[in-house]
Structure formats: C-alpha cells, structure tokens
Amino acid sequence: MKLLKGRKYLIQSVLIVVIIILIVFVIIQQITFRVPVFAFHGIIDREEPKKWPSRANYLDYTIQDLEILLDQLIQDNYWFLSSQELYDYFIIKSQPIPSDKQNSKPILLTFDDGYKSLNVYLIPLLKKLEKKYNIPLKVVLFINPKFMEESESRGKVKYLNCDDLREGINQGFYDIQSHGLTHQTLKGLEKKVLTTELIESQKILKTCTADLLQNDTIAIHFAYPYNQLDQQVETETAKYYLSGYGYNSRLRNFLFMPNKMRIPRIGVSHNDSPETLFKLAKIVN
C-alpha cells in the first residue's frame, strides 16, 4: 500500500513539474522576440577589399559570404521582412500573418550608415537571387542624410545619395529608415539638438522619396547610432518614429524585447562566418 502511495505521489509530482515547465515555456514564447534581426554595415569584395572602404573595416562583410548566407536562408524558407512588416506582424501584432507566410521563418536584414558599396555589390546580388529563386527580397537601410548629401565629398568613404536610394526602392529591394541626421551619439545631447537629429533626418529622407508610392513607410523607424540611448532619447524618438532599434545583441538563446523602442539586433562583424550567422538565425526562431 505504501509503495502504491509512493508511486502515486511521484507521478503527481512529475505531472506538476511538467505542467509548470509548459506554462513557463508558453510565457517565454510570449515575452521573447522570435525574429532574428541582423545588423550589417559596409559590404566589400574579398578580391578587392579596399575598393569601397567604410569607416570601420572590422564591420565590413564580404559579398561572397553574404551570398552564401542569403542562399542558405532562402533554401530554408526564410521570409525577408520590411521594417513595417516586422512592426505590424510581430511587434504590435496589429495584423495577422499572411496565409502564404504561415510556414515561413521571418528574418530582418539591416544595413547601417548607407555606404555606396550597397548599390555596387548588394543590389546585383539581390537581383541574382531573386531571379534564381523567384521570390521577393527586401533589406532595411538605416541612413544618415547628412552623409547622403555629402556622398561625393567625404574622401575615400562614399555614401549613397538620394538617387541611389530611389533606385533601390524602385527595384523593390530597399526599405529606407533613419539612423539620425549626422550619426552622432544621441545620449547626452541637449533636447533641441536631439530633436533636430530626429526630425531633420526624417524630413530629408521623406523629401527624397516624396513622389514614390512607398513614401508613407519611409523614415518611420529608427536605429540608434552607436547603440547609445537613455530615457530621454527613447522618449523623444517615440514622438516621431514607430520603433527604435538597438545593436550588438549577441544573445544565443532568446532575444528579449522590453518594448518597441528597444528592438534588439544581432551585430555582424567581418569575422562572422555565414554558418555562424545561419545558426544564430535558427536559434532565435
């Protein structure tokens, strides 16, 4: 009799533990951000690494490795989101995921600073893969309009200008968002200067694309330069933008998203292999 009671007690205990684990798992699924967001910067050709330099070559990613990564993602049925799709479907969840995307894995690829190398290397690659697999491909560019206006006068480092952005938008590849007017650290700025960084960036980007159908989704999301922000930066940014992106998150299991103004991104460096990035994408979703 005592043996039967002991077994009954053990079974009940195991069931309770299983139920608790399931509840915890469901809660974690609800409070974690299940979409991998990668943050790239400049793109280079491994054969000519100095041809299109950026400000920080340790962040430059080779077009050869990027092609391997994108090819793997496409074959594994990843869905390349725009920033607004991420916002609508996965952040505020204001719209249901389209039926044809129910079995796809969402991912967001972002490129900071707006280097000219994107038009030189990235667009041809996206065209190639889009033709090969017959699927639409989209990437998000976080742009500093001050650099854009000075695209031909900053020495060796070249930046995309307005015509370059329009070319990428018209071809369906670019989703243009804001990275601040001048790429300066926003944390600690006087409120007036901070507001100028936020508003003027948005204004210039929208003016550049004013006649395009996509204009309503231009410069409504923001990436914080250098990942530097405080409560004032977050509060002011939320007045003009729907969401804000951080940087350099390398969490291997779950990416926690406390609010829509602090969306985590996985920072990509020159030494990250396509296999490493693919594994990170798989871990997140």
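Asp71 is buried, at a relative accessible area of 13%. Buried stands for under 20% relative accessible area, exposed for over 50%, and partly exposed for the range in between (1.4 Å probe, protein chains only). This is a predicted model, in which local features need pLDDT of at least 70, side-chain atom pairs count only at pLDDT 80 or more, and totals for chains, interfaces and linings use all residues. Residues are numbered from 1 along each chain as its sequence is written, and side-chain values use heavy atoms, leaving out hydrogens and water.

Asp71 forms a salt bridge with Lys132, with the closest N and O atoms 3.1 Å apart. Such a bridge needs a side-chain nitrogen of Lys or Arg within 4 Å of a carboxyl oxygen of Asp or Glu. Asp71 lies in helix H2 (residues 63-75) and Lys132 in helix H4, so the pair ties together parts 61 residues apart in sequence. Helices (H or I, at least four residues) and strands (E, at least two) are DSSP runs, numbered from the N terminus. Lys132 counts as exposed, at 53% relative accessibility.

## Other salt bridges

The count comes to 14 salt bridges. One of them joins Arg265 to Asp112, the closest N and O atoms being 2.9 Å apart. Arg265 sits in the loop between strand E11 (255-256) and strand E12 (266-267), and Asp112 in strand E6, so the pair ties together parts that are 153 residues apart in sequence. Both residues, Arg265 and Asp112, are buried. Asp112 has a relative accessible area of 2%. Asp112 touches Phe40, His41, Phe142, His179 and Arg265, leaving aside residues up to four places away in sequence. Contact here means heavy atoms within 4.5 Å.

Glu236 forms a salt bridge with Lys191, the closest N and O atoms being 3.6 Å apart. Glu236 is in helix H8 and Lys191 in helix H7, 45 residues apart. Glu236 counts as buried at 4% relative accessibility, while Lys191 is partly exposed at 46%. Salt bridges that share partners also join Asp76, Lys105 and Lys282 into one network.

## The disulfide

The structure holds one disulfide. Cys162 is joined to Cys208, S to S 2.1 Å; the cut-off for a pair of cysteine sulfur atoms is within 2.5 Å. The torsion about the S-S bond is about 105°, so this disulfide is right-handed. Cys162 is partly exposed, at 24%, whereas Cys208 counts as buried at 8%.

## Cores

The largest nonpolar core has 46 residues. Such a core is a set of buried Ala, Val, Leu, Ile, Met, Phe, Trp, Tyr and Cys residues joined through side-chain atoms within 4.5 Å. Helix H4 (residues 117-133) gives the most to this core, with seven residues. Phe38, Phe40 and Tyr174 are among the residues with the most contacts inside it. Apart from this core lies another, of 15 residues, including Val37 and Leu86.

## Aromatic pairs

Twelve aromatic pairs are found in the whole structure. Rings of Phe, Tyr and Trp (its six-membered ring) pair if their centres lie within 6.5 Å; planes under 30 degrees apart count as stacked, over 60 as edge-to-face and the rest as tilted. The rings of Phe222 and Tyr241 have centres 5.0 Å apart and planes at 55°, so the pair is tilted. Phe222 counts as buried at 0% relative accessibility, and Tyr241 counts as buried at 3%. Phe38, Phe40, Tyr61 and Phe111 form one aromatic cluster.
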